[in-house]
There are 2 protein chains.
Amino acid sequence: MVETSKRAYAGVAADDRRTQRRERLLLAALELFTARGYQQTKIVDLCTAAGVSTRNFYEEFQAKEQLLLILHGRINAQAMHRVAARLDEVADADARTRISTLLDVFIGSVTADPRLPRLNYVEAVGVSADLERQHQEWVRRWADFIEAEARRAAAQGDAPDRDYRLTAFALVGAITGLLREWQAHEPPLEAAEIATEIRELMFAAITRPA
Amino acid sequence: MVETSKRAYAGVAADDRRTQRRERLLLAALELFTARGYQQTKIVDLCTAAGVSTRNFYEEFQAKEQLLLILHGRINAQAMHRVAARLDEVADADARTRISTLLDVFIGSVTADPRLPRLNYVEAVGVSADLERQHQEWVRRWADFIEAEARRAAAQGDAPDRDYRLTAFALVGAITGLLREWQAHEPPLEAAEIATEIRELMFAAITRPA
DNA sequence: ATAATCTGACAAGGCCGATTACCACTTTGT
DNA sequence: ACAAAGTGGTAATCGGCCTTGTCAGATTAT
């Protein structure tokens, strides 16, 4: 498809320049998709903002949707990576501590930049079947995560022993909904209050009598 | 813009035929938007499915988006109307009964046809600024509703006296998330189980200690 | 220095779909 | 029955934007 370049150019290896262009295009996509909307963003706009030519665009990506898929995946993957890493550090803490940690890290990761929840919970919705599949896959993973914590709490006697599948889905929805609201609400909501609300809600949901 | 017709035609008043065409177009829109996706649905597709000409389309609507706005508004309005009516019937019941009623009616109304949640929670997301505004407006109304029930529960001593604003938003998100999952999940989820989960979650969220 | 190679800007081609002009046909009032 | 008015389908127009071809200039190896 794209020929591999043979030699360095402008002092930088060709591959390096290509990855730089990729990143600049992804950056521009995050900015424009969330500012004007995904549909409203034209490929020329992306290229102008990224400082590359339309020709370059097609050397790196097949279509606009690919940018959205990559960004959506990255945002989720980065958040999950951070959460998992942090949870490892509190491996043998009690349920309440672990759940608090999980949520603080997640909310912190996604509210660091308002464009992140905007992209994931607004712009990336209903775009294509592929994107819907990817969304569902991530919802499943997050639900697995929450379910595992609930089971852990149950094993420690802090929660009843029951099926937490739907509870996990509901909690993912609650988080998503609050973050979608957060990035659009006027006047602005406090990220810290969102985190508190979610923490209390999740704790109540898990410890409620079966 | 559109001239008012002066006299009856084909045995039916012109206005009647127009409203019939409107309804057929809206029906076709609900079907096609949820089956192929909003963006993928072309105006000619709508006209073919509804059995009207493209000419007729522009006599009734300014643009495709208007159909989406109307459908989105209708689905919400109808659900809210049913919920409100039903809640009036149990005006002096206890908090638990009222919340159960609220949720059963709502979930029942929206899961009666899988296309409804699909349209409202997938296809109508991130389409335009107008639609986002309308979405936010409905989220606000539903949150008001839930908040009012929570306050009522607090007044009856069934829940602590605190600020329920964020809890209400979170619960709207939980419902939305579960319904979005419901309409896409393979194998299918049971609407009744969704209703149960939401009921217990909401009850736990409201009665949790402040 | 020069040929070979690579790069990026520009613009033209081409497609798709929204919008409207036209016109043949149907219905109604006299 | 006939003229006036209303109607709806077809097809042509129009514009936007994705996609790729071209070419002049920059860079490198010999």
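Guide: Let's begin with a pair in chain B: Glu137(B) and Arg140(B) join their side chains in a salt bridge, 2.7 Å from N to O. A salt bridge here is a side-chain nitrogen of Lys or Arg within 4 Å of a carboxyl oxygen of Asp or Glu. Before going further, please keep in mind that this is a predicted model, in which local features need pLDDT of at least 70, side-chain atom pairs count only at pLDDT 80 or more, and totals for chains, interfaces and linings use all residues. Residues are numbered from 1 along each chain as its sequence is written, chains are lettered from A and ligands numbered from 1 in the order in which they are written, and side-chain values use heavy atoms, with hydrogens and water left out.

Back to our pair. Glu137(B) and Arg140(B) are 3 residues apart in helix H7 of chain B, so about one helical turn separates them. Helices are DSSP runs (H or I, at least four residues), numbered from the N terminus. Glu137(B) also forms a salt bridge with Arg141(B), where the closest N and O atoms are 3.5 Å apart. Glu137(B) counts as partly exposed at 29% relative accessibility, Arg140(B) as partly exposed at 35%, and Arg141(B) as partly exposed at 34%. For these labels, buried means under 20% relative accessible area, exposed over 50%, and partly exposed in between (1.4 Å probe, protein chains only).

In chain A, a network of salt bridges links Glu137(A), Arg140(A), Arg141(A), Asp144(A), Glu147(A), Arg151(A) and Arg165(A). Over all chains the structure holds 43 salt bridges.

Now for the pairs that cross over. Between chain B and chain A the count is 4 salt bridges. One of them joins Arg180(A) and Glu132(B), with the closest N and O atoms 3.1 Å apart. This pair runs between chains, from helix H8 of chain A to helix H7 of chain B. Arg180(A) and Glu132(B) are both buried. Glu197(A) and Arg208(B) also meet through their side chains in a salt bridge, at 3.1 Å from N to O. As a general point, side chains of opposite charge can pair when their charged atoms come close.

Let's step back to the interface itself. Here 34 residues of chain B are in contact with 34 residues of chain A, contact meaning heavy atoms within 4.5 Å. The two chains bury about 2,900 Å² between them, 58% of it on carbon and sulfur atoms. Buried area is the accessible area (1.4 Å probe) that two parts lose on being put together, summed over both. Across this interface, 10 residue pairs are in polar contact, both residues at pLDDT 80 or more. A polar contact is a pair of N or O atoms within 3.5 Å; within protein, one must be able to donate a hydrogen and the other to accept it, and residues adjacent in sequence count only if both atoms are side-chain atoms.

Which helices of chain B build its side? Helices H6 (115-123), H7 (129-155), H8 (165-184) and H9 (191-207) of chain B each supply at least two residues of the side that touches chain A. The largest share, 11 residues, comes from H8(B).

A rotation of 180 degrees with 0.0 Å of shift along its axis superposes chain B on chain A, with an RMSD of 0.0 Å; the superposition is by least squares on the C-alpha atoms of residues with pLDDT of at least 70 in both copies. The copies are thus related as by a two-fold rotation axis. In chain B, the C-alpha nearest that axis belongs to Ala174(B), 2.0 Å from it. The same surface serves both copies, as 100% of the contact residues of chain B recur in chain A.

One more stop is the loop between helices H8 and H9 of chain A, where His185(A) lies. Leaving out residues up to four places away in sequence, His185(A) touches Gln136(B) and Phe169(B). The side chain of His185(A) also reaches the backbone oxygen of Pro187(A) at 2.9 Å. The peptide bond from Glu186(A) to Pro187(A) is cis, with omega near -5 degrees.
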